[in-house]
Amino acid sequence: MLIAVLAPFAAAGCAPLLVRLLGDRASLVLAIVPAVTFVWLLSRLPEATPGVLETTPWVPGLDVALDFSLDGLSLIFALLISGIGTLIVLYAGGYLKGHPMLGRFFLFLMMFMGAMQGVVLSDNVITLFVFWELTSLASYLLVGFESDRPAARRAALQALLITGSGGLALLAGLIMLAEAGGAWRISDLTGAGAWIQDDPLYRPILILVVLGCFTKSAQWPFHSWLPGAMQAPTPVSAYLHSATMVKAGVYLLARLDPALGGSPEWLWILTGIGGLTMLMGVVFALLETDLKLVLAWTTVSALGTLVFLLGPTHEPGVKAAMAFLLVHALYKGALFMAAGNVDHEAGTRDLTRLGGLMRTMPLTFAAAAVACVSMAGLPFGLGWVAKELIGAAKIALEDEFGITVIAATLTNLMLFCIAAIVATVPFTGRTSEAAAHAHEAPWPMLAGPVMLAALGLVFGMAPNLIAEPLIAAATTAVIGRKATLEIVLFKAFDWKFLLTLATFVAGAALFLLWRRSAAGWRASLNPVLDRGPDRGYDQVMRGLAAFAAWQTRIWQPGLLHRYMAASFTVITLAGAASLTRGEMRLNLDFDGGRLIEWAVFAVTAASALVAALATTRLLAVTALGMLGLGVAMIFMLFGAPDLAITQFMVETLVVVILALVLIRLPGFRLSAGGARPRWLYAGISVGTGALVTLLLLGVLAEPFDPRLSEWFGRAAVPEAFGHNIVNVILVDFRALDTLGEIIVVFAAALAALAAIGIGARARA
């Protein structure tokens, strides 16, 4: 499994070179990686049901390992990622043929593929989160691939900020989950559901994890990034919507269902938000004219449906979710690639400018029509099977969640209408001007939609091919007990069948009404719907920029004395707070002191006061020099003559150099913004001094530990060949520290020299 995860990353590293050598034919080579992974995963179908664990040490010191698990749930996702990924790589080679950045595109795409494989196969909390964030990073690069367009840059940033913010919430939730469950392996956590749900942190964990999953899988109100991501090239859109990033949140909800599911909070959040999202998605889809955006909004609806089905944590809902997951991946991948073919060959995706393409693009039309059969839930398509399973799940919910069941029924009705729109409007009717110049797409761009549509048809007519090995196995992994599934295409001519027929009839009627009234609907509803989360995102970004500017004006005014005041205030408050938490003994022994000590103290204090009150450079520098000399005298009086001599030399040089430099600068000003709040700064200074005094008295009250000084005394001569211990410490034992200080002083000198030069040029 480690190879299945790392192989796409290796291919990503080779992609630019392959494109340079082979051009767009590099897609044929790169497609081998996901194709081999897909075949290997198919060979593991019999083993995946109980779960296979593989561990590789990663950061042993932190007990973090590359744990990968393959069970029914991870298998169905991994098959979709690798299988559809193979077709997407081939499709991209044709769609972006001749693009100057094709190598970069394949690098991002293969990295995206590897990150998604890592998400669905990881069994370690930390490993999963690393791959989770890599999907956000890779999607940012892919959505913003055409970086010369402002719309693409905005969409990429929006996707990154929304999913990245959710990722931070998810990280906190996963860490709390691991602590509550007492394990960092997801497979261990899923077996500790009762224990976790009894923990006081259960609700915060649930909220944080759900936030992470909802942002990634575009649930309301975090859905706005997904339609915006249509600024990406069509291969990215097809992969993103069918098998990868947007399904990551659904995967994690299903994976953590045994640990977090079953509670009323889980039930109401997932069912309520999922139901709202699935209904909202199809409403927005009916108002769009861009073919890709129509499909994008139906993806939002499909993701809401999946979350809605996972909410009740019962077997019919999970079976329906796993079946619909597979159905949606097949038909949505086919439809997005068909839409890309239309855009590539006709030059537009606008439904109002398309028509009659079935004459010039018959294979694309056939693939889109067959995929729409599954999308609409018609017989002989795999969507019919999923519709039956969803119907069974809705019946189980009807007593407690009548409103959401009504929402699901309305969603099915409108989804049928949208499928009719996608299958007929671009391809039938009078040949439009754009369609007149179109021709069929090349084979790499046809292989994907044709194969995915055909699989939907084959599995729809023979659903038992996937019932047990895929859908039932995935259900088993979620509910934690053996699940069986036998699908009968036609059970009985009963009220449920009549309800399905009624849905088809109502959907067809809605389609006819849409043909006549769509323009009016858009004119009346778009002004209202435009005031949604997407505009809210813009307002949040503007507010954030204004808040950042306000904070910058406060904390970064360009005045050094304010920076120092803020720094010393924080240090003083933090130090005082830490002192109040424990007991500290103070050494208050005082023998009266000698006269010379009092004199030195008085001179030092007076120098500090003069430095604080100085209004000219020369006086301030002189007072600071006197302050330093007073400190040197203290060293001299208390038995450190070598340190005192060093201090005397440093202070003398500093005073002389500062005096020589400062007289070259313009007139002395206290600040660029007016008078300083002297009493505030005086209070900060007194507080800092008092804190330092207390700390020193506390240190002096502790027994002296001579081990370090004794070691320096023993090691100075034999190891550093010096009798002056202070010098030895500075130039040998602390050599790098001293070198750093020298570099800082040298950098300050260069800055001063630059400032003098700028001042001289300004005066000239």
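How many residues does helix 7 have, and how far does helix 7 reach from its first C-alpha to its last? Select residues 125-143: helix 7 has 19 residues and reaches 27 Å, close to the 27 Å expected at 1.5 Å a residue. The expected span is 1.5 Å times one less than the number of residues. Helices here are DSSP runs of H or I with at least four residues, numbered from the N terminus.

Before going on, note that this is a predicted model, in which local features need pLDDT of at least 70 and side-chain atom pairs count only at pLDDT 80 or more, while totals for chains, interfaces and linings use all residues. Residues are numbered from 1 along each chain as its sequence is written, and side-chain values use heavy atoms, with hydrogens and water left out.

**Helix 7**

Select Asn124 next. Asn124 caps the N-terminal end of helix 7, with a side-chain oxygen 2.9 Å from the backbone nitrogen of Ile126. Then colour the buried residues of helix 7, among them Val125, Phe129, Trp132 and Leu142. Buried means under 20% relative accessible area, exposed over 50%, and partly exposed in between, with a 1.4 Å probe and protein chains only.

Stop at Leu128, which lies in helix 7 and is buried at a relative accessible area of 1%. Leaving aside neighbours within four places in sequence, Leu128 is in contact with Val119, Ser122, Leu174, Ile186 and Leu252. Contact means heavy atoms within 4.5 Å.

**The core and its rings**

Select Phe106, Trp225 and Leu260. Of the 197 residues in the largest nonpolar core, these three touch the most other members. Helix 18 (residues 315-346) gives the most to this core, with 20 residues. A nonpolar core is a set of buried Ala, Val, Leu, Ile, Met, Phe, Trp, Tyr and Cys residues joined through side-chain atoms within 4.5 Å.

Around Trp225, leaving aside neighbours within four places in sequence, the contacts include Gln158, Ile162, Leu240 and Met245. Phe106 also belongs to a cluster linked by ring pairs, together with Phe105 and Phe145.

The whole structure holds 16 aromatic pairs. One of them joins Phe77 and Tyr251, edge-to-face, at 5.2 Å centre to centre and 75 degrees between the planes. Phe77 lies in helix 5 (residues 72-95) and Tyr251 in helix 14 (residues 245-255), so the pair ties together parts that are 174 residues apart in sequence. Both residues are buried. Rings of Phe, Tyr and Trp (its six-membered ring) pair if their centres lie within 6.5 Å; planes under 30 degrees apart count as stacked, over 60 as edge-to-face and the rest as tilted.

**Loops**

Which residues does a cis peptide bond join? Select Trp220 and Pro221: the bond between them is cis, with omega about 5 degrees. Pro221 is in the loop between helix 11 (202-216) and helix 12 (225-228).

Move to Phe380, in the loop between helix 19 (362-376) and helix 20 (382-397). Its phi is near 80 degrees, a positive value in a residue other than glycine, and Phe380 is exposed at 56% relative accessibility.

**Cysteines**

Finish at Cys417, which is buried at a relative accessible area of 0%.

Conventions
Helices (H or I, at least four residues) and strands (E, at least two) are DSSP runs, numbered from the N terminus. A polar contact is a pair of N or O atoms within 3.5 Å; within protein, one must be able to donate a hydrogen and the other to accept it, and residues adjacent in sequence count only if both atoms are side-chain atoms.
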